[in-house]
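Please keep the sequence and the structure in view while reading.

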Amino acid sequence: MHRTLRPCAGNIWYLAMNSFQPTGEQYAVIRTTQPRVIVSACAGSGKTQTLCARIRRLLDRGVLPAQILVLSFSNHAVRVLRERIRNEGIAVMTFHAFGQEIVRAHAAQRGQRAPSFPDPKDRDVLLKSAIDGCPKACAFVFRMTGIRLRNSKARAQLAAFFDRVQGNDELARSLVDDPGSGFSSYRPVLKALRAVRLRYERALDSSGSIDYAGMLRRGCELLRTGNFQLPYRHVLIDEAQDMSGEQAQLLAALVQRVPNVMAFGDEQQAIFGFMGARFRHLQQALSDAVTLSLSRSFRLTHETAALANAIVGIKGHRVVGCGSGKKPLLYRYRTAGEQEDAVIRLIGDLKRQGVAGDRIAILARTGMQLRHVEMALRAAGHETEPTYKERMPEHTYRFLHLLAFVEKWKWAIESPCRKRRIEKRLCEVTGVSPDAVTKTVLEHCRRMLTVAVRASSPGSRYVAARRVYARLVVAAGAARSAVATELERWEAISREFGKVDALRAHIAGLDAQPKIVTSTIHGAKGSEWDHVIVLGVTEGSLPLHYAIGSGHVDEEQRLFYVAVTRARDRVYLFHAPYHHVLSGRKFSAPSRFLTDRVTATFTGAPLPRRPGIPVIRAA
């Protein structure tokens, strides 16, 4: 049953939502009078529209915009909500920003200066002072791990660890137990590092600074003990399943001061356990809440919904699709190379059917699995848009200028009489100010250019010139990883072009295409595409072998659920042997998540058909 919400005279929501016809479940959420509500919203159920309609209902009932607070978990989610809500009087912010607002309000009430976020240099100074103040802990860490905490690189890693932990001892233990976290070496010295962290937090407080963990910790303390009034009477929380323990404590303190709280979330999309997020945190913070469901998905077809339900496999959990479509496909191949070829053929077929590249997404458990497919796609003339890493295309075009310079000025680069002119021209084509780098760096880059000039092939010339460019722009302050990531995109196809102009034209042609999205499954959450290709449905890849050893298989299963529920039209699953480079381990068995119940949602010939032939299950 659908009901159209009536427009109110002068209502700012009506123009944005005049076509919204809520279902019975959505209508119950919008009109509920319960003070504490958890809305269990499946993938594609229109929860953001429902949240906005709930706000519209409150405004229509006389609630002032300043009395409404909307919380979410990332700056991107906050920007999306602000665009949807379109009311500057309503506070929309992250949990960390809310904690910081509480701290600032308390400081203003007492006539004090509000604490500020330290810049990287100041933060390093504070961390160094905390390390110097714990000599016994530092000595113990060195004796047990060989790590010298006073070393700048060790301090940077420790700062990254503290950022991930955010004051949560349970999360710290989880991180050091995970071999893939990068912090497993801290396992035998966790108690000593905790002492350093506590001293670092005190140093932040005494210096008038605050970090992300402090925003939550101090905001929670002030909510519990502070003598001030909050203007909010209604709090709405988006993506509440992503709540960490510290955020849940902040919410629990907020609940004591605000009469009405509504949280939207989906337990089956709780995939950030590595950051300390647990669905039980929400349940504990709102222990007296009633639960309302949004079980109909406006994104998924009945066939994709059946696959999602089979993956979850929980009795009583059921996602309802919005219409008939095509059954999911499962492809099985003997090698990763065969899988890449099949992905290229599939994307070519979809494009010939009129599907634009930006309506296709390729998802994988890790970014490493995507990079090889991206290179193969670019070589085949299909451009990609990775969301798991930041692109900086300006480096590509500046580097092409450098390549053209090498190509056209070969005679001058090797001339000993033109050293200063070559160095000046080198700075011009790369966009680097001569004052930003030392004379030693410039001389070194000029000498390296002669290697590019003498290169015997386009590919080797590209590699040599790339080293020159990276050396120069990194010395001028550019991020090494960003430069390397951008220039590595074109290294493989550079071998096919003898002239820079031809390479530049090819890259420009690819940039003009609607780009195929490549993303990790974590990064894809909250997005949707017509066609979704899921790579690596292989034991050791999904679930990731680290998770198998650490007991986080349930979260890996939810990742699989999130991946398939991104598709509006059809899902394509790919299984091929997986080689984890860092550990050297190889995996070839299909994922344990491809149970009989899951494979029953596909149709096609029994597996395998014939040795040596890629097996395809097709509708």
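## Terms and model

A residue is called buried here when its relative accessible area is under 20%, exposed when that area is over 50%, and partly exposed in between. The model is predicted.

## Overall form

The secondary structure of the protein chain comprises 28 helices and 15 strands. The C-alpha trace spans about 80 × 70 × 55 Å along its principal axes. The radius of gyration is 28 Å, which agrees with the value near 25 Å that a compact globule of 619 residues would have.

Of the 619 residues, 52% count as buried, and the protein chain exposes about 28,600 Å², of which carbon and sulfur atoms supply 50%. Among contacts between residues at least 6 apart in sequence, 76% join residues that are at least 24 apart.

## Salt bridges across the chain

How many salt bridges does a search of the whole structure find? The search returns 29 salt bridges. One of them joins the side chains of Lys 47 and Glu 239, with an N to O distance of 3.1 Å. This pair links distant parts of the chain, 192 residues apart, since Lys 47 belongs to helix H3 (residues 47-60) while Glu 239 sits in the loop between strand E4 (234-237) and helix H12 (245-255). Lys 47 has a relative accessibility of 14% and therefore counts as buried, and Glu 239 is buried because its relative accessible area is 16%, under the 20% cut-off.

A further salt bridge is formed by the side chains of Arg 592 and Glu 539, at 2.5 Å from N to O. Arg 592 lies in the loop between strand E14 (585-587) and helix H28 (596-599), and Glu 539 in the loop between strand E11 (529-534) and helix H26 (545-550), so this pair ties together parts that are 53 residues apart in sequence. Arg 592 is partly exposed, with a relative accessible area of 40%, whereas Glu 539, at 15% relative accessibility, counts as buried. Elsewhere, salt bridges with shared partners join Lys 47, Asp 238, Glu 239, Asp 242 and Lys 525 into one network.

Arg 187 is located in the loop between helix H9 (169-177) and helix H10 (190-206). Its relative accessible area is 55%, so Arg 187 is exposed.

Leaving aside residues up to four places away in sequence, Arg 187 touches Val 176 and Asp 177. The C-alpha atoms of Arg 187 and Pro 115 are separated by 33 Å, and these two residues are 72 residues apart along the chain.

Definitions and conventions:
Residues numbered from 1 in each chain as written. Heavy atoms only, no water. Salt bridge = Lys/Arg side-chain N within 4 Å of Asp/Glu carboxyl O. Helix = DSSP H or I, 4+ residues; strand = E, 2+ residues; numbered from the N terminus. Buried < 20%, exposed > 50% of the residue type's maximum accessible area, 1.4 Å probe, protein only. Rg over C-alpha atoms; globule rule 2.2 N^0.38 Å. Contact = heavy atoms within 4.5 Å. Areas by Shrake-Rupley, 256 points an atom, 1.4 Å probe, with all protein chains shown as cover.
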